[in-house]
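Biologist: I am new to this model and would like to learn to read it. Can we take one feature at a time?

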Amino acid sequence: MKPCLLIPIYNNKDTIAAVLAELAPYHLPCIIIDDGSDATTRQVIDHEAAQYAWVQVIHHEHNGGKGQAVITGFFAASDKGYTHAIQIDADGQHNAHDIDRFLTEARAHPDALILGKPLFGPEVPRARYLGRKISQWCVWAETLSRAIGDPLCGFRLYPLSATVALLKRTRVGARMDFDPDIAVRLYWAGVAMRNVETRVVYPEGGVSHFRMFRDNVRISWMHTRLLAGMLIRIPQLLLRRAAV
């Protein structure tokens, strides 16, 4: 294994320094993908990255969405010879101390997608929590399986060979629909799923880029497409479930 970190970021100038400080003890190379942030955030990103030799920054000129930022990171990581990529958010929601648990799981299952399965505290917004449950049920229907414990958590470890191969032949959601879309499509492609429980927090005053109406519409349309795709895959999905 030759793992790296991927951090998509858009205007999270107040949290990126703390996130990098938490990641420093793991001595993993890190690619930050700035998805068209404002000038102030770009300056902060470049300043913080300059403190660490293991951090590289890629700037998108325009905002293309979280998914597009992560996809840029996948191809950059693959080109550099990394075998696995740990996606972690820039807003401080994810518990960096669980990286060792993801890596341990990946060493035991190197071809699997290792998904973060969130453990939420009482501060989680109820609407967001219910939305996650709906997406979870949809994904279970789209895969005829409960292998994907949580389709929306952005803390996960990807096997880059299978992921890049998928992205070369299939278009996936570029924004908030990215995380569930690529998880389902990797499952359809035969990639094993493993789930690691991890604490997820909603920091007070944190910056969220989730837009309730726009992103719910986008995610709903994504699930519609995936449900349609599931119908033509029913035989192979049933065979896979029977083999488990």
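Biologist: Is the crossing of helix 3 and helix 6 left-handed or right-handed?

Modeller: Start with the rule. A crossing is left-handed if the near helix is turned anticlockwise from the far one by less than a right angle, and right-handed if clockwise. Here helix 3 and helix 6 make a left-handed crossing. Keep in mind that this is a predicted model: local features need pLDDT of at least 70, side-chain atom pairs count only at pLDDT 80 or more, and totals for chains, interfaces and linings use all residues. Residues are numbered from 1 along each chain as its sequence is written, and side-chain values use heavy atoms, without hydrogens and water.

Biologist: At what angle do the axes of helix 3 and helix 6 cross?

Modeller: Helices (H or I, at least four residues) and strands (E, at least two) are DSSP runs, numbered from the N terminus. Axes are lines fitted to C-alpha atoms, for helices over the stretch in contact, and angles run from 0 to 180 degrees between N-to-C directions. The axes of helix 3 (residues 66-79) and helix 6 cross at roughly 125° and come within 10 Å. That makes the pair oblique. Angles under 35 degrees count as roughly parallel, over 145 as roughly antiparallel, 65 to 115 as roughly perpendicular and the rest as oblique.

Biologist: Which residues of helix 3 and helix 6 make the contact?

Modeller: Contact means heavy atoms within 4.5 Å. Helix 3 brings I71, F74, F75, A77 and S78, while helix 6 brings L160, T163, V164, L167 and K168. By class, the residues are seven nonpolar, two polar and one charged. For the classes, Ala, Val, Leu, Ile, Met, Phe, Trp, Tyr, Cys and Pro count as nonpolar, Asp, Glu, Lys and Arg as charged, and the others, Gly among them, as polar.

Biologist: How do helix 5 and helix 7 pack?

Modeller: Helix 5 (residues 126-143) and helix 7 (residues 178-188) pack at an angle of about 20°, with axes 10 Å apart. That makes helix 5 roughly parallel to helix 7. Their crossing is right-handed. V139, E142 and T143 in helix 5 meet P180, V184, Y187 and W188 in helix 7. This contact of helix 5 with helix 7 has five nonpolar, one polar and one charged residues.

Biologist: Now the sheet. In what order do its seven strands stand?

Modeller: Strands of a sheet pair through backbone hydrogen bonds, either parallel or antiparallel. Two strands pair if DSSP finds at least two bridges between them. This sheet is open, with the order 3-2-1-4-6-5-7 and mixed pairing. Strand 3 (55-60) and strand 7 (193-200) stand at the edges with a single partner strand each, so one side of each has no neighbour in the sheet. On average, neighbouring strands are turned by 25° against each other, direction ignored.

Biologist: How many bridges join strand 5 to strand 7?

Modeller: Eight bridges join strand 5 (residues 113-120) to strand 7, and the two run parallel. In one of these pairs, G116 has V196 in strand 7 as its bridge partner. Strand 1 and strand 2 also run parallel, joined by five bridges. There, I9 stands opposite D34 in strand 2.

Biologist: Which helices lie across strands of the sheet?

Modeller: Helix 1 (residues 16-23) lies across strand 1 (3-9), strand 2 (30-35) and strand 3, at about 170° to strand 1. Helix 6 (residues 160-169) lies across strand 4 (84-87) and strand 6 (156-159), at about 75° to strand 6.

Biologist: How many residues of strand 2 are buried?

Modeller: Buried means under 20% relative accessible area, exposed over 50%, partly exposed in between (1.4 Å probe, protein chains only). Six of the six residues of strand 2 are buried, so this strand is largely enclosed by the rest of the structure. In a regular strand the side chains alternate between the two faces of the sheet. Strand 2 has both faces covered: C30, I32 and D34 on one side, I31, I33 and D35 on the other.

Biologist: Where does H27 lie, and is H27 buried or exposed?

Modeller: H27 is in the loop between helix 1 and strand 2. H27 is exposed, at a relative accessible area of 66%. Its phi is positive, about 55°, although H27 is not a glycine. L144, in the loop between helix 5 and strand 6, also has a positive phi, about 50°, and is not a glycine.

Biologist: What is R240 in contact with, beyond its neighbours in sequence?

Modeller: Leaving aside neighbours within four places in sequence, R240 touches Y187, G190, V191 and A192. R240 lies in helix 9 and is partly exposed, with a relative accessible area of 23%. I234 is also in helix 9 (residues 234-243).
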